[in-house]
Amino acid sequence: GILLSSSERAIVQVNDVLNAAFPPEAYSQEIKLSIQRVIDDIIRHKSSYGIIGMGILTWTATSLFSAVRSVVNRIYRITTKKLVVIKIVEEIVLVVVLGMLFFIANVFIWTSSIVKNYTSDIPVLDAVMHGFFQNANSFAVAYIPGFIMFFLVNRFIPDKTVTSKTAMIAA
């Protein structure tokens, strides 16, 4: 991250590591220059590499949802009737939604950790809040995001609409 922000300090550190790793012989200096050129190319084209990486990551995640869809369809004994394009769009939407849920779960963890750290300085709040956040944090982080994600998987991934009650039981 620091290197891709083109920080001069980070580039100097990379050059120091390369200088320490490679002896002063001609062949090793040529290898070091090749590595430095590759790093410069990565820094120069970081936006396009990031977009390509996100595209590949999304495509891989959608193929995972496709496999999960096949398994869930088999569990519910559903035959596939949707167009492939519609399935792909649905899977991309699910990747985005579940990615946001994952991020929200992490924000909740960070927030509860910050609250715990600040309340630990005050003895009265420490006694009250520590027990509350200890139990609430454990429950919320362990069960609620998992329940929501598995509910979404059971409710929206199959090709036929599964009732909310059935999806909640399966989750």
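This is a predicted model: local features need pLDDT of at least 70, side-chain atom pairs count only at pLDDT 80 or more; totals for chains, interfaces and linings use all residues.
Contact here means that heavy atoms lie within 4.5 Å.

**Helices H1 and H2**

Under that criterion, Ile 11, Val 14, Asn 15, Leu 18 and Asn 19 of H1 meet Lys 32, Ile 35, Gln 36, Ile 39 and Ile 43 of H2. By class, the residues of this contact comprise 6 nonpolar, 3 polar and 1 charged. Helix H1 covers residues 8–21 and helix H2 covers residues 26–44; their axes come within 11 Å and cross at roughly 160°. Angles over 145 degrees count as roughly antiparallel, and H1 is therefore roughly antiparallel to H2. The crossing of H1 past H2 is right-handed.

**Helices H3 and H4**

The axes of H3 and H4 come within 9 Å, with a crossing angle of roughly 110°. Because angles of 65 to 115 degrees count as roughly perpendicular, this description applies to H3 and H4. On the H3 side, the contact is made by Thr 58, Trp 59, Ala 61, Thr 62, Phe 65, Ser 66 and Arg 69. H4 contributes Lys 87, Ile 88, Glu 90, Glu 91, Ile 92, Leu 94, Val 95 and Leu 98. The residues of the contact between H3 and H4 divide into 8 nonpolar, 3 polar and 4 charged.

The two pairs are set out below.

| Helix pair | Axes come within | Crossing angle |
|---|---|---|
| H1 and H2 | 11 Å | roughly 160° |
| H3 and H4 | 9 Å | roughly 110° |

**The largest pocket**

The largest pocket has a volume of about 160 Å³. Its lining consists of Ala 61, Leu 64, Phe 65, Val 68, Val 95, Leu 98, Gly 99, Val 153 and Ile 157. Helix H3 (46–75) and helix H4 (84–119) each supply at least two residues of this lining. H3 gives the most, with 4 residues. In terms of class, the lining has 8 nonpolar residues, 1 polar residue and no charged residues.

Definitions and conventions:
Residues are numbered from 1 along each chain as its sequence is written. Side-chain values use heavy atoms; hydrogens and water are left out. Axes are lines fitted to C-alpha atoms, for helices over the stretch in contact, and angles run from 0 to 180 degrees between N-to-C directions. Angles under 35 degrees count as roughly parallel, over 145 as roughly antiparallel, 65 to 115 as roughly perpendicular and the rest as oblique. A crossing is left-handed if the near helix is turned anticlockwise from the far one by less than a right angle, and right-handed if clockwise. Ala, Val, Leu, Ile, Met, Phe, Trp, Tyr, Cys and Pro count as nonpolar, Asp, Glu, Lys and Arg as charged, and the others, Gly among them, as polar. On a 1 Å grid over the protein atoms alone, a cavity is a set of points where a 1.4 Å probe fits but cannot get out, and a pocket is an open set with protein on both sides within 12 Å along at least five of seven lines; lining residues have an atom within 4 Å of a point. Grid points are joined across faces, edges and corners, and a volume is the space filled by probe spheres set on the points.
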